[in-house]
Amino acid sequence: MRVWIVFLLCLAGQAFTASITEEEPIIDDVGEEAQPEVGVNPVQVETGDFDEAIDVEEEEEVTAENPCLNHHCKKGKVCEVDEENTPMCVCQDPTTCSSAIGEFEHVCATDNTTYDSSCHFFAQKCSLEGTKKGHKLHLDYIGPCKFIEACMDAELNEFPLRMRDWLKNVLVTLYERDEENNLLTEKQKLRVKKIYENEKRLQAGEHSLDLLAHDFDKNYNMYIFPVHWQFGQLDQHPVDGFLSHTELAPLRAPLIPMEHCTTRFFEQCDADNDKYIALEEWANCFSIKEQYVDKDLVI
(Lines give C-alpha, C1' and ligand atoms only; values in the text may rest on other atoms or scores of the structure.)
Protein backbone atom coordinates (compact mmCIF):
# COMPACT_ATOMS: atom_id res chain seq x y z
CA MET A 1 0.00 0.00 0.00
CA ARG A 2 2.93 2.34 0.60
CA VAL A 3 3.80 2.37 -3.09
CA TRP A 4 0.22 3.43 -3.84
CA ILE A 5 0.59 6.35 -1.44
CA VAL A 6 3.90 7.40 -3.03
CA PHE A 7 2.34 7.28 -6.49
CA LEU A 8 -0.67 9.20 -5.21
CA LEU A 9 1.57 12.04 -4.07
CA CYS A 10 3.38 12.09 -7.40
CA LEU A 11 0.13 12.13 -9.35
CA ALA A 12 -1.42 14.86 -7.24
CA GLY A 13 1.67 17.09 -7.48
CA GLN A 14 2.27 19.43 -10.39
CA ALA A 15 5.85 18.28 -11.00
CA PHE A 16 5.11 14.83 -12.38
CA THR A 17 6.12 15.56 -15.94
CA ALA A 18 7.91 12.50 -17.28
CA SER A 19 6.93 11.97 -20.90
CA ILE A 20 6.01 8.30 -21.33
CA THR A 21 3.13 7.83 -23.72
CA GLU A 22 3.22 6.53 -27.26
CA GLU A 23 2.09 8.85 -29.99
CA GLU A 24 -0.09 6.47 -31.96
CA PRO A 25 -2.98 4.08 -31.33
CA ILE A 26 -2.28 0.40 -30.99
CA ILE A 27 -3.77 -0.30 -34.43
CA ASP A 28 -3.83 2.77 -36.64
CA ASP A 29 -1.02 5.21 -37.41
CA VAL A 30 -1.66 8.86 -36.78
CA GLY A 31 0.67 10.14 -39.46
CA GLU A 32 2.72 13.21 -38.84
CA GLU A 33 0.25 15.05 -36.66
CA ALA A 34 1.75 16.16 -33.36
CA GLN A 35 0.46 14.70 -30.12
CA PRO A 36 0.17 16.45 -26.76
CA GLU A 37 2.67 15.82 -23.99
CA VAL A 38 1.48 12.94 -21.88
CA GLY A 39 2.69 11.07 -18.88
CA VAL A 40 2.01 14.18 -16.81
CA ASN A 41 -0.47 14.43 -14.01
CA PRO A 42 -3.85 14.02 -15.81
CA VAL A 43 -5.17 17.14 -14.10
CA GLN A 44 -2.01 19.21 -14.35
CA VAL A 45 -2.37 22.66 -15.82
CA GLU A 46 -0.73 22.79 -19.24
CA THR A 47 2.77 24.27 -19.03
CA GLY A 48 1.89 26.44 -22.00
CA ASP A 49 -0.50 28.36 -19.76
CA PHE A 50 2.53 29.92 -18.08
CA ASP A 51 4.48 30.83 -21.22
CA GLU A 52 5.24 34.49 -21.62
CA ALA A 53 3.35 36.25 -24.39
CA ILE A 54 5.27 36.75 -27.64
CA ASP A 55 4.72 39.76 -29.84
CA VAL A 56 2.78 38.63 -32.91
CA GLU A 57 4.91 40.54 -35.42
CA GLU A 58 8.12 39.19 -33.93
CA GLU A 59 6.74 35.65 -33.98
CA GLU A 60 5.80 35.94 -37.65
CA GLU A 61 9.32 37.11 -38.54
CA VAL A 62 10.96 34.26 -36.61
CA THR A 63 8.59 31.75 -38.19
CA ALA A 64 9.49 32.98 -41.66
CA GLU A 65 13.18 32.50 -40.88
CA ASN A 66 12.63 29.12 -39.21
CA PRO A 67 9.74 27.15 -40.77
CA CYS A 68 10.22 24.41 -38.15
CA LEU A 69 9.25 26.73 -35.31
CA ASN A 70 5.53 25.99 -35.62
CA HIS A 71 5.85 22.64 -37.38
CA HIS A 72 5.24 19.99 -34.73
CA CYS A 73 6.38 16.40 -35.03
CA LYS A 74 5.30 13.38 -33.03
CA LYS A 75 7.72 11.80 -30.57
CA GLY A 76 10.69 10.13 -32.16
CA LYS A 77 10.81 12.67 -34.98
CA VAL A 78 12.37 16.10 -35.39
CA CYS A 79 11.73 18.85 -37.89
CA GLU A 80 14.12 19.57 -40.75
CA VAL A 81 13.76 21.68 -43.88
CA ASP A 82 14.29 20.45 -47.42
CA GLU A 83 15.99 22.28 -50.28
CA GLU A 84 12.89 24.42 -50.77
CA ASN A 85 12.89 25.41 -47.08
CA THR A 86 9.78 23.32 -46.48
CA PRO A 87 9.56 21.78 -42.98
CA MET A 88 9.27 18.00 -42.69
CA CYS A 89 9.47 15.44 -39.90
CA VAL A 90 12.30 12.91 -39.91
CA CYS A 91 13.34 10.25 -37.42
CA GLN A 92 15.45 11.57 -34.57
CA ASP A 93 18.97 10.26 -34.13
CA PRO A 94 19.03 8.46 -30.73
CA THR A 95 22.50 9.89 -30.07
CA THR A 96 20.94 13.38 -29.88
CA CYS A 97 18.80 12.35 -26.89
CA SER A 98 20.01 13.53 -23.49
CA SER A 99 21.53 10.89 -21.24
CA ALA A 100 19.32 9.68 -18.41
CA ILE A 101 20.01 11.25 -15.03
CA GLY A 102 18.86 8.16 -13.14
CA GLU A 103 16.99 4.88 -13.45
CA PHE A 104 13.67 6.68 -13.09
CA GLU A 105 14.15 7.98 -16.65
CA HIS A 106 14.63 4.51 -18.11
CA VAL A 107 11.67 2.85 -19.82
CA CYS A 108 10.88 -0.76 -20.64
CA ALA A 109 9.40 -1.61 -24.03
CA THR A 110 7.23 -4.54 -25.06
CA ASP A 111 10.29 -6.23 -26.59
CA ASN A 112 11.67 -6.47 -23.03
CA THR A 113 14.42 -3.99 -23.86
CA THR A 114 15.40 -1.23 -21.44
CA TYR A 115 15.88 2.13 -23.15
CA ASP A 116 17.90 4.94 -21.60
CA SER A 117 14.91 7.27 -21.83
CA SER A 118 11.59 7.69 -23.61
CA CYS A 119 13.45 9.83 -26.18
CA HIS A 120 15.71 6.91 -27.07
CA PHE A 121 12.72 4.58 -27.27
CA PHE A 122 10.67 6.74 -29.62
CA ALA A 123 13.68 7.41 -31.84
CA GLN A 124 14.19 3.66 -32.16
CA LYS A 125 10.50 3.05 -32.83
CA CYS A 126 10.55 5.69 -35.55
CA SER A 127 13.48 3.97 -37.26
CA LEU A 128 11.33 0.82 -37.44
CA GLU A 129 8.29 2.49 -39.00
CA GLY A 130 6.69 0.37 -41.69
CA THR A 131 8.07 -2.87 -40.27
CA LYS A 132 6.24 -5.63 -38.39
CA LYS A 133 8.62 -5.21 -35.46
CA GLY A 134 7.98 -1.49 -35.30
CA HIS A 135 4.19 -1.96 -35.43
CA LYS A 136 4.34 -4.28 -32.41
CA LEU A 137 6.81 -2.20 -30.42
CA HIS A 138 5.22 -0.17 -27.64
CA LEU A 139 6.34 1.45 -24.41
CA ASP A 140 5.36 -0.92 -21.61
CA TYR A 141 6.24 0.75 -18.32
CA ILE A 142 8.49 3.26 -16.56
CA GLY A 143 11.81 2.03 -15.22
CA PRO A 144 14.26 -0.62 -16.37
CA CYS A 145 12.84 -3.97 -17.47
CA LYS A 146 12.42 -6.44 -14.68
CA PHE A 147 10.65 -9.70 -13.94
CA ILE A 148 6.91 -9.12 -13.55
CA GLU A 149 5.34 -12.06 -11.78
CA ALA A 150 2.17 -13.61 -13.17
CA CYS A 151 -1.14 -12.23 -11.90
CA MET A 152 -3.25 -14.95 -10.29
CA ASP A 153 -7.05 -14.91 -10.49
CA ALA A 154 -7.43 -14.14 -6.79
CA GLU A 155 -5.01 -11.22 -7.08
CA LEU A 156 -6.85 -9.89 -10.13
CA ASN A 157 -10.08 -9.78 -8.10
CA GLU A 158 -8.29 -7.77 -5.40
CA PHE A 159 -6.86 -5.18 -7.78
CA PRO A 160 -10.02 -3.06 -8.30
CA LEU A 161 -10.57 -2.89 -4.52
CA ARG A 162 -7.31 -1.00 -4.06
CA MET A 163 -7.69 0.93 -7.31
CA ARG A 164 -11.13 2.30 -6.39
CA ASP A 165 -9.93 3.41 -2.98
CA TRP A 166 -6.83 4.98 -4.53
CA LEU A 167 -8.87 6.96 -7.08
CA LYS A 168 -11.08 8.30 -4.30
CA ASN A 169 -8.01 9.35 -2.30
CA VAL A 170 -6.44 11.01 -5.36
CA LEU A 171 -9.50 13.21 -5.75
CA VAL A 172 -9.62 14.06 -2.05
CA THR A 173 -5.92 15.03 -2.13
CA LEU A 174 -6.45 17.21 -5.22
CA TYR A 175 -9.44 18.86 -3.51
CA GLU A 176 -7.34 19.64 -0.43
CA ARG A 177 -4.60 21.23 -2.56
CA ASP A 178 -6.87 23.00 -5.03
CA GLU A 179 -7.31 26.42 -3.45
CA GLU A 180 -5.54 28.26 -6.27
CA ASN A 181 -4.11 25.54 -8.50
CA ASN A 182 -7.19 24.88 -10.66
CA LEU A 183 -6.62 21.14 -10.48
CA LEU A 184 -10.37 20.54 -10.52
CA THR A 185 -13.25 22.34 -12.20
CA GLU A 186 -15.87 24.00 -10.05
CA LYS A 187 -18.35 21.23 -10.86
CA GLN A 188 -15.77 18.59 -9.91
CA LYS A 189 -15.00 20.40 -6.66
CA LEU A 190 -18.67 20.29 -5.67
CA ARG A 191 -18.82 16.56 -6.30
CA VAL A 192 -15.61 15.84 -4.41
CA LYS A 193 -16.66 18.13 -1.57
CA LYS A 194 -19.55 15.75 -0.81
CA ILE A 195 -17.06 12.88 -0.52
CA TYR A 196 -14.55 14.94 1.46
CA GLU A 197 -17.10 16.11 4.06
CA ASN A 198 -18.82 12.75 4.46
CA GLU A 199 -18.12 11.49 7.98
CA LYS A 200 -18.40 7.89 6.76
CA ARG A 201 -15.50 8.29 4.31
CA LEU A 202 -12.77 5.71 4.79
CA GLN A 203 -9.60 7.68 5.44
CA ALA A 204 -6.48 7.04 3.35
CA GLY A 205 -4.16 4.41 4.76
CA GLU A 206 -3.35 0.74 4.75
CA HIS A 207 -6.58 -1.24 4.89
CA SER A 208 -7.40 -4.90 4.62
CA LEU A 209 -9.11 -6.12 1.48
CA ASP A 210 -12.13 -7.11 3.56
CA LEU A 211 -12.47 -3.56 4.85
CA LEU A 212 -12.14 -2.10 1.34
CA ALA A 213 -14.83 -4.47 0.04
CA HIS A 214 -17.09 -3.64 3.00
CA ASP A 215 -16.64 0.09 2.52
CA PHE A 216 -17.46 -0.18 -1.19
CA ASP A 217 -20.73 -1.96 -0.38
CA LYS A 218 -21.58 0.41 2.46
CA ASN A 219 -20.53 3.70 0.81
CA TYR A 220 -21.06 2.78 -2.84
CA ASN A 221 -21.96 6.32 -3.95
CA MET A 222 -18.55 7.68 -2.90
CA TYR A 223 -16.83 5.58 -5.56
CA ILE A 224 -19.02 6.35 -8.57
CA PHE A 225 -17.57 9.75 -9.41
CA PRO A 226 -13.86 8.87 -8.88
CA VAL A 227 -14.16 6.02 -11.38
CA HIS A 228 -15.84 8.29 -13.95
CA TRP A 229 -13.37 11.12 -13.27
CA GLN A 230 -10.33 8.97 -14.04
CA PHE A 231 -11.88 7.83 -17.31
CA GLY A 232 -12.45 11.47 -18.28
CA GLN A 233 -8.84 12.41 -17.46
CA LEU A 234 -7.53 9.65 -19.71
CA ASP A 235 -10.00 10.09 -22.58
CA GLN A 236 -8.31 13.13 -24.11
CA HIS A 237 -6.77 12.39 -27.50
CA PRO A 238 -9.38 12.30 -28.89
CA VAL A 239 -12.32 12.75 -26.51
CA ASP A 240 -14.50 10.01 -27.95
CA GLY A 241 -15.74 7.88 -25.05
CA PHE A 242 -13.09 5.20 -25.60
CA LEU A 243 -9.64 4.62 -24.10
CA SER A 244 -6.90 3.50 -26.47
CA HIS A 245 -3.59 1.91 -25.53
CA THR A 246 -2.05 5.37 -25.90
CA GLU A 247 -4.55 7.08 -23.60
CA LEU A 248 -4.14 4.42 -20.91
CA ALA A 249 -0.36 4.81 -20.81
CA PRO A 250 -0.16 7.76 -18.33
CA LEU A 251 -1.94 5.59 -15.75
CA ARG A 252 -0.77 2.15 -16.81
CA ALA A 253 2.97 2.69 -17.27
CA PRO A 254 3.76 3.97 -13.74
CA LEU A 255 1.58 1.29 -12.14
CA ILE A 256 3.00 -1.86 -13.75
CA PRO A 257 6.27 -1.95 -11.75
CA MET A 258 4.26 -1.57 -8.52
CA GLU A 259 1.16 -3.62 -9.32
CA HIS A 260 1.83 -6.78 -11.32
CA CYS A 261 -1.87 -7.25 -12.15
CA THR A 262 -2.11 -3.92 -13.99
CA THR A 263 -1.73 -5.30 -17.52
CA ARG A 264 -4.12 -8.19 -17.01
CA PHE A 265 -6.67 -5.91 -15.37
CA PHE A 266 -6.80 -3.49 -18.30
CA GLU A 267 -6.89 -6.37 -20.78
CA GLN A 268 -9.89 -7.76 -18.93
CA CYS A 269 -11.62 -4.37 -19.06
CA ASP A 270 -11.67 -4.63 -22.87
CA ALA A 271 -14.53 -7.12 -22.76
CA ASP A 272 -15.15 -7.16 -26.52
CA ASN A 273 -11.42 -7.31 -27.39
CA ASP A 274 -11.61 -4.40 -29.83
CA LYS A 275 -8.44 -2.79 -28.39
CA TYR A 276 -10.45 0.06 -26.87
CA ILE A 277 -12.15 0.40 -23.48
CA ALA A 278 -15.55 2.07 -23.54
CA LEU A 279 -16.93 3.93 -20.52
CA GLU A 280 -19.35 1.09 -19.83
CA GLU A 281 -16.52 -1.44 -19.89
CA TRP A 282 -14.39 0.75 -17.64
CA ALA A 283 -17.20 1.14 -15.09
CA ASN A 284 -17.91 -2.58 -15.12
CA CYS A 285 -14.24 -3.27 -14.31
CA PHE A 286 -14.71 -1.35 -11.07
CA SER A 287 -18.10 -2.98 -10.33
CA ILE A 288 -20.06 0.21 -11.01
CA LYS A 289 -23.56 -0.89 -11.93
CA GLU A 290 -24.86 -0.08 -15.41
CA GLN A 291 -27.63 2.19 -14.13
CA TYR A 292 -25.01 4.43 -12.49
CA VAL A 293 -22.88 4.91 -15.60
CA ASP A 294 -23.26 8.55 -16.57
CA LYS A 295 -21.34 10.23 -19.40
CA ASP A 296 -21.92 13.62 -17.78
CA LEU A 297 -19.69 12.60 -14.86
CA VAL A 298 -16.58 12.30 -17.05
CA ILE A 299 -16.71 15.97 -18.06
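Helices here are DSSP runs of H or I at least four residues long, numbered from the N terminus. Under that numbering, Lys133 belongs to helix H4, which spans residues 132-136. The model is a predicted one.

**Overall composition**

The chain has 299 residues, of which 43% count as buried. Its secondary structure amounts to 11 helices and 7 strands. When contacts between residues at least 6 apart in sequence are taken, 64% of them join residues at least 24 apart.

From Lys133 to Asp111 the C-alpha to C-alpha distance is 9.1 Å, while the two residues are 22 apart in sequence.

Asn112 sits in the loop that runs between strand S3 (107-109) and strand S4 (114-115). The phi of Asn112 is positive, near 60 degrees, and the residue is not a glycine. Asn112 is also exposed, at 57% relative accessibility.

**Strands and pairing**

S3 and S4 belong to an open sheet of 3 strands, in the order S4-S3-S5 and with antiparallel pairing. The edges of this sheet are S4 and strand S5 (139-142); each has a single partner strand, so one side of each has no neighbour in the sheet. S3 and S5 run antiparallel and are joined by 3 bridges. Across this sheet, Cys108 stands opposite Tyr141 of S5.

A further antiparallel pair is made by strand S1 (residues 77-81) and strand S2 (residues 87-91), over 5 bridges. Within this pair, Glu80 is placed opposite Met88 of S2. S1 and S2 form a hairpin with 5 residues between them, and Asn85 in the turn has a positive phi of about 65 degrees. In general, strands of a sheet pair through backbone hydrogen bonds, in either a parallel or an antiparallel manner.

**Helix packing**

| Helix pair | Angle between axes | Axis separation |
|---|---|---|
| H5 (residues 153-176) and H7 (residues 209-218) | about 65 degrees | 10 Å |
| H6 (residues 186-196) and H8 (221-234) | about 145 degrees | 9 Å |

H5 passes H7 in a left-handed crossing. On the H5 side, the contact is made by Glu158, Leu161, Arg162, Arg164, Asp165 and Lys168; on the H7 side, by Leu209, Leu212, Ala213, Asp215 and Phe216. Sorted by class, this contact of H5 with H7 holds 5 nonpolar and 6 charged residues, and no polar ones.

The crossing of H6 and H8 is left-handed as well. H6 contributes Gln188, Arg191, Val192 and Ile195, which meet Met222, Phe225, Pro226, Trp229 and Gln233 of H8. The classes in the contact of H6 with H8 are 6 nonpolar, 2 polar and 1 charged.

The loop between helix H8 (221-234) and strand S6 (242-243) includes Pro238. The peptide bond from His237 to Pro238 is cis, with omega near 5 degrees.

Helix H9 covers residues 245-255 and is mostly covered, with 11 of its 11 residues buried. Those buried residues include the charged-type names Glu247 and Arg252 along with Leu248, Leu251 and Leu255. His245, Thr246, Ala249, Pro250, Ala253 and Pro254 are also on the list of buried residues in H9.

**Asn273**

Where does Asn273 lie? Asn273 is in the loop between helix H10 (262-269) and strand S7 (277-278). The phi of Asn273 is positive, about 55 degrees, although the residue is not a glycine. Asn273 has a relative accessible area of 60% and is therefore exposed, the cut-off for that class being over 50%.

Methods
Residues numbered from 1 in each chain as written. Predicted model: local features only at pLDDT ≥ 70, side-chain atom pairs only at ≥ 80, totals over all residues. Heavy atoms only, no water. Axes fitted to C-alpha atoms, helices over the stretch in contact; angles between N-to-C directions. Helix = DSSP H or I, 4+ residues; strand = E, 2+ residues; numbered from the N terminus. Left-handed = near helix turned anticlockwise from the far one by under 90°. Contact = heavy atoms within 4.5 Å. Buried < 20%, exposed > 50% of the residue type's maximum accessible area, 1.4 Å probe, protein only. Pairing = 2+ DSSP bridges.
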